[in-house]
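Visitor: I have a model open beside its sequence, and I would like to learn how to read its features one at a time. Could you give me the general idea in each case and then show me where to look?

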Number of protein chains: 2
Amino acid sequence: MRTVEWHDNQVRMIDQRKLPWEFAQNDYDDYHDVAMAITDMVVRGAPAIGAAAAFGLALAAFQSPAADQPALLRDLESAAATLKQARPTAVNLAWAVDRLMQVAGKQKPTGVDDIRAALLSAAQSLADEDIAINKRMGAHGAALVQDGDTILHHCNTGALATVDWGTALGVIRSAHEQGKKIHVLLDETRPRLQGARLSAWELKQAGIPFDIIADNAAGHFMRTGQVNIVLVGSDRTAANGDVANKIGTYKLAVVARENGIPFYPVVPTSTIDLSLASGDEIPIEERDPAEVLAPFGKPIAPADYPARNPAFDVTPHRYVTGIVTENGIAYPPFDLSLRQAVEDTLMSK
Amino acid sequence: MRTVEWHDNQVRMIDQRKLPWEFAQNDYDDYHDVAMAITDMVVRGAPAIGAAAAFGLALAAFQSPAADQPALLRDLESAAATLKQARPTAVNLAWAVDRLMQVAGKQKPTGVDDIRAALLSAAQSLADEDIAINKRMGAHGAALVQDGDTILHHCNTGALATVDWGTALGVIRSAHEQGKKIHVLLDETRPRLQGARLSAWELKQAGIPFDIIADNAAGHFMRTGQVNIVLVGSDRTAANGDVANKIGTYKLAVVARENGIPFYPVVPTSTIDLSLASGDEIPIEERDPAEVLAPFGKPIAPADYPARNPAFDVTPHRYVTGIVTENGIAYPPFDLSLRQAVEDTLMSK
């Protein structure tokens, strides 16, 4: 079971808004609806939305009535723009779409059906690679986890945030698979509660012991010596190692450093954006205040009360112990080590 | 309208579990129910539960069938123990109960009705004093707030956390009353959402501009220069200036210091516990995991998922810029300045 997949000429996704109450999969036969599903967070998590966008672009190719290559490329350009705009912070949307557009541009003009097939194949490869990359990050990251450790984790970075296995939660899966006895403190992760809803659901299924905590409680557990390591994901990492991730990550990182607890983002190189010198350049999405005021339709304050809802924050690299990638763990100075990690990926192609 | 008051020979409290959806007052004619109301958080906030316990002890005196002073004192000792055990972290419960027990002990043995009247009078005085103290803290604290400031605030420290006016939110009221243009970022304060439910309700009524934010977002606003000062309350402050307050306060304090933002607890001297050398000695209440898993009966995760729910954390004094008391602002070294603040209160009696 994959979070995002191609099924019967449609894009199929697990509807993550309904978990853990209901397991449902949605099938999309229009790339506009795929973009909307990304915006509405049917699917979320940087690697998962990258894969969704890739399948969305393949879908656009099959939707297009174009009979020649230039017409198809024009339609694909339009679909690419729509998909890239679905959410602003994670770089994987653009990365995945650009990768497929390169494939489209490189095809010989032998016929539009060949381009369609090539795009679907490229999307499938991207999804398969995502799982392989996560397993490699899991192996590198699990070496950081000691038997008996308590791991603090934010948001959801698991199978549901990727195609399968996960990034930070993938490291936790790998450590568990190695037989290490671990315990996970799951930040519930307001406002959208990805920790309480999604990460808890995944760990329950995997048989990995955990406790859900209010985000506010993480500091208490860190200060009182009950946390050994903090593992998080990243939606976009700048060239200098500044990490944009789910809102609340920054506070965790600062408090972790204050308590001498190692803080590791687990980051496929596809989420590293070397074009940005620092995290200050990463666009931060501000979402509907209703997510704060009425999570999943359950009001916690009157609907007309004012609220602010930034969805991500930036953790400056000085709080980052190391960055786990599929090519190993990058350590400071990140300008050098992240560039090397990205080059390692390019060289392996 | 007071949060806690004596009404028609009963203890009347605003039922804070129902706000902002419903404004209801509960009347209690049995001190056991007053203790239960404190445990169940019908009333919360250190000064408010102190006043509730004082009225509860007065109620116990009227409930007692004792016909002589020794018998009444025995009943009061039993009631005092019950009331003190209602919640462990805030010191005001013990402070208020002990103050009334001293009054009871000092009465001439002229008759039990005199003791009953003296206890009620003492409880009334304690409640009246609480408001006066809050106004004085408001005046001292408002001097720290500049025109145009954005204030970050955690939990509820307003009229509802006291008898009236408030501690940290009282400072905000006082600054607003002075005509300063201020904006307040209200941490929603999971798990019990005192910020989103209670502080927002109070500020709405007072006409003070605010935004509710997820607790996770506070770091983002601090790091990006959108917060000028952090104001919080305290449930118990140790002799060295370590501050126990609502869970999440510690993370705020660390991140505030990291960003050069002043962090001030607003603390009546009744919440300063000079008998404790440091915050490590303050008992931290751990409440029902259901508060995390199903806030106000609305499930965010399956009820059988494990959760941890510490209700308070300790902020070491090195993160504290100053402590606003009714006798002025205490600055480091807090060992000296807090002792002076407490002595000032004793001298003024």
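Predicted model: local features only at pLDDT ≥ 70, side-chain atom pairs only at ≥ 80, totals over all residues.

Visitor: Which elements give two or more residues to the side of chain A that touches chain B?

Guide: Across this interface the rule finds 26 residue pairs in polar contact, with both residues at pLDDT 80 or more. The elements that give two or more residues to the side of chain A that touches chain B are α7 (194-206), β6 (210-213), α8 (218-223), α9 (249-258), α10 (290-293) and β12 (312-315) of chain A. Of these, α9(A) gives the most, with seven residues. Sorted by class, the residues on this side of chain A divide into 34 nonpolar, eight polar and 15 charged.

Visitor: How much area do chain A and chain B bury between them?

Guide: The size of an interface is often given as the accessible area lost when the parts come together. Here chain A and chain B bury about 4,800 Å² between them, with 61% of it on carbon and sulfur atoms. A:N216, A:R223 and A:K251 supply 16% of the area that chain A buries against chain B, more than any other three residues. The contact takes 57 residues from chain A and 57 residues from chain B.

Visitor: By what turn and shift can chain A be laid on chain B?

Guide: Two copies of a chain are related by a rotation about an axis and a shift along it. In this case, chain A can be laid on chain B by a turn of 180° and a shift of 0.0 Å along the axis, with an RMSD of 0.0 Å. The two copies are thus related as by a two-fold rotation axis. The same surface serves both copies, in that 100% of the contact residues of chain A recur in chain B.

Visitor: Within one chain, what does the domain assignment of chain A give?

Guide: The assignment gives domain 1 (4-134) and domain 2 (138-348) of chain A, and 25 Å separate the centres of these two domains, taken over C-alpha atoms. In the contact between them, 28 residues of domain 1 of chain A meet 36 residues of domain 2 of chain A. The area buried between the two domains is about 2,700 Å², of which carbon and sulfur atoms give 58%. A:R44, A:T89 and A:N134 supply 25% of the area that domain 1 of chain A buries against domain 2 of chain A, more than any other three residues.

Visitor: What is the count of salt bridges between domain 1 of chain A and domain 2 of chain A, and how many residue pairs are in polar contact there?

Guide: The count between these domains is one salt bridge, and 17 residue pairs are in polar contact, both residues being at pLDDT 80 or more. On the side of domain 1 of chain A that touches domain 2 of chain A, the elements that give two or more residues are α2 (46-63), α4 (92-106) and α5 (112-142) of chain A. The largest share, five residues, comes from α5(A). By class, this side of domain 1 of chain A has 17 nonpolar, six polar and five charged residues.

Visitor: Turning to the backbone, where is A:P20 found, and is the peptide bond from A:L19 to A:P20 cis or trans?

Guide: Most residues other than glycine have a negative phi, and most peptide bonds are trans. The bond from A:L19 to A:P20 is cis, with omega near 5°, and A:P20 is found in the loop between β2 (10-14) and β3 (25-28) of chain A. In chain B, a cis peptide bond joins B:L19 and B:P20, with omega about 0°. As for phi, B:T189 has a positive value of about 70° although it is not a glycine, and B:T189 lies in the loop between β5 and α7 of chain B.

Terms used
Residues numbered from 1 in each chain as written. Chains lettered and ligands numbered in written order. Heavy atoms only, no water. Least-squares fit on C-alpha atoms with pLDDT ≥ 70 in both. Contact = heavy atoms within 4.5 Å. Domains from an automatic or database assignment. Buried area = accessible area lost by both parts, 1.4 Å probe. Salt bridge = Lys/Arg side-chain N within 4 Å of Asp/Glu carboxyl O. Polar contact = N/O pair within 3.5 Å; in protein donor to acceptor, adjacent residues only side chain to side chain. Helix = DSSP H or I, 4+ residues; strand = E, 2+ residues; numbered from the N terminus. Nonpolar A, V, L, I, M, F, W, Y, C, P; charged D, E, K, R; others polar.
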